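Work through the exercises below with the sequence and the structure at hand. Try each task before reading its solution.

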Amino acid sequence: MSMHALPILFINLGGEMLYILDQRLRAQNIPSEKGKKVMLEIIGTMFKQRFVDELFKPQESYNKRAMRTVFDRLAHASVMRLNAASMDKLYDLMTMTVKYQVCQCARSSDLLLITLNHMDAIREFVKPCVEVSAQVDTVYTLLIGKYKSLSIGEYHMIRQSLLSFFQDMQIRVSIFLRDNLQNQNGRFVIPIKGILPRGTSVPGNIRCYKDGRVTTTRTFRVSTNHQINPDSVGNLGVKGDRGTKLGTNVYLNSVVPPVDIEDREPTDVGTDAKGDISSTELNILASLLGAPDDDVSQLNLFRLNLDNSPKRKPRRQESNQSTTINTLHIDASKTHIRSEVAAAAAMFDDKPTETSTQRSKGDELFDLMMG
């Protein structure tokens, strides 16, 4: 497993989450200033300096439940609130879109270009705010410094780590099915034809090596006429042409969301090959992002609806909520609460009790974040 895959995974998932939330805020005619406030608060939390410092340390990627817990926290970093079913749908769209991008990139090094496409869009979201823009610029600088000089082999390891993370996620998404990019079993269609990226060889040659030198070359006929794209390198500049559309905002000019989750069984995020997630790992992730602000006035909360199906009835409003509360609620296609995620989130609801004088790494990082 690569020790450098975590920032790529987190930033791309975060970028897709922002795309979806931005589209829904616009589609439901949420006041512009309130929508901007939500985006700024989430991005500001996403790129907090202490969290970014921890994120960019060489380490293995967190398992599925840990990553889900991070984004549960991140989605509630503003005055917007989501229920468990809404978060299910949002997270499914995020993960399947990023999985599609990882599967479709022609070169492993394109992962950096895909990430920069997300960063370019995030920079546009925060343009009015100097403070958050500075946070985004810092992450951009870290990305270039960390990944620009990586070898092809290291990028292959990163891509393999990402594919391993997404391996069991086979959720059908309507936009992919409609465009024949995904099969009915949830697996993506990988193209075998088209323009080859720069730096690759046209199929049709077999080379035999000895002591590092080519000894013989044989040719064979191929059914497809392949060509190499000379302009597919991609620019790493601040406003450069990335050379790929993967990672760009597909919802930018959309009024009605072009994607939906097909009916399916809940995604298993309970365990991975290493077994149950440790509480220390969860504490590190969630505490770095900071707990949702429980002191926010209820009058400032608002809800966003992620569900577009006219057949589904709206959720009944809880009796203890005032009808005058202006609430934005994302209500998705499922109404049950995933027990595993609820249990993980419950770990942060109560004040942790120290059983010894030695504090966990998560506790110490929480103090740094909240100090």
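Residues are numbered from 1 along each chain as its sequence is written, and side-chain values use heavy atoms, with hydrogens and water left out.

**Exercise 1. Find the stretches where pLDDT stays under 50.**

Step 1. pLDDT is the predictor's confidence in each residue, from 0 to 100. The protein averages 75, and 67% of the residues score at least 70.

Step 2. One stretch under 50 covers residues 270–277, with 8 contacts (heavy atoms within 4.5 Å) beyond four places in sequence. Residues 310–371 also stay under 50, and there the model has 111 such contacts.

Step 3. Where pLDDT is low, the predicted coordinates should not be read in detail.

**Exercise 2. Describe the aromatic pair of Tyr100 and Phe188.**

Step 1. Rings of Phe, Tyr and Trp (its six-membered ring) pair if their centres lie within 6.5 Å; planes under 30 degrees apart count as stacked, over 60 as edge-to-face and the rest as tilted. A search of the whole structure gives 7 aromatic pairs.

Step 2. For Tyr100 and Phe188 the centres are 5.3 Å apart and the planes make 65°, an edge-to-face pair.

Step 3. Tyr100 belongs to helix H5 (residues 84–104) and Phe188 to the loop between helix H9 (174–178) and strand S2 (195–196), so the pair ties together parts 88 residues apart in sequence. Helices (H or I, at least four residues) and strands (E, at least two) are DSSP runs, numbered from the N terminus.

**Exercise 3. State which residues make the contact between H5 and helix H8 (residues 152–166).**

Step 1. The helices pack at an angle of about 145°, with axes 10 Å apart. Axes are lines fitted to C-alpha atoms, for helices over the stretch in contact, and angles run from 0 to 180 degrees between N-to-C directions.

Step 2. H5 contributes Tyr91, Thr95, Val98, Lys99, Val102 and Cys103, while H8 contributes Arg159, Leu162, Leu163, Phe165 and Phe166.

**Exercise 4. Is Gln104 buried or exposed?**

Step 1. Gln104 lies in helix H5.

Step 2. Its relative accessible area is 19%, so Gln104 is buried.

Step 3. Beyond four places in sequence, Gln104 touches Val189, Ile190, Pro191 and Leu246.

Terms used. Predicted model: local features only at pLDDT ≥ 70, side-chain atom pairs only at ≥ 80, totals over all residues. Buried < 20%, exposed > 50% of the residue type's maximum accessible area, 1.4 Å probe, protein only.
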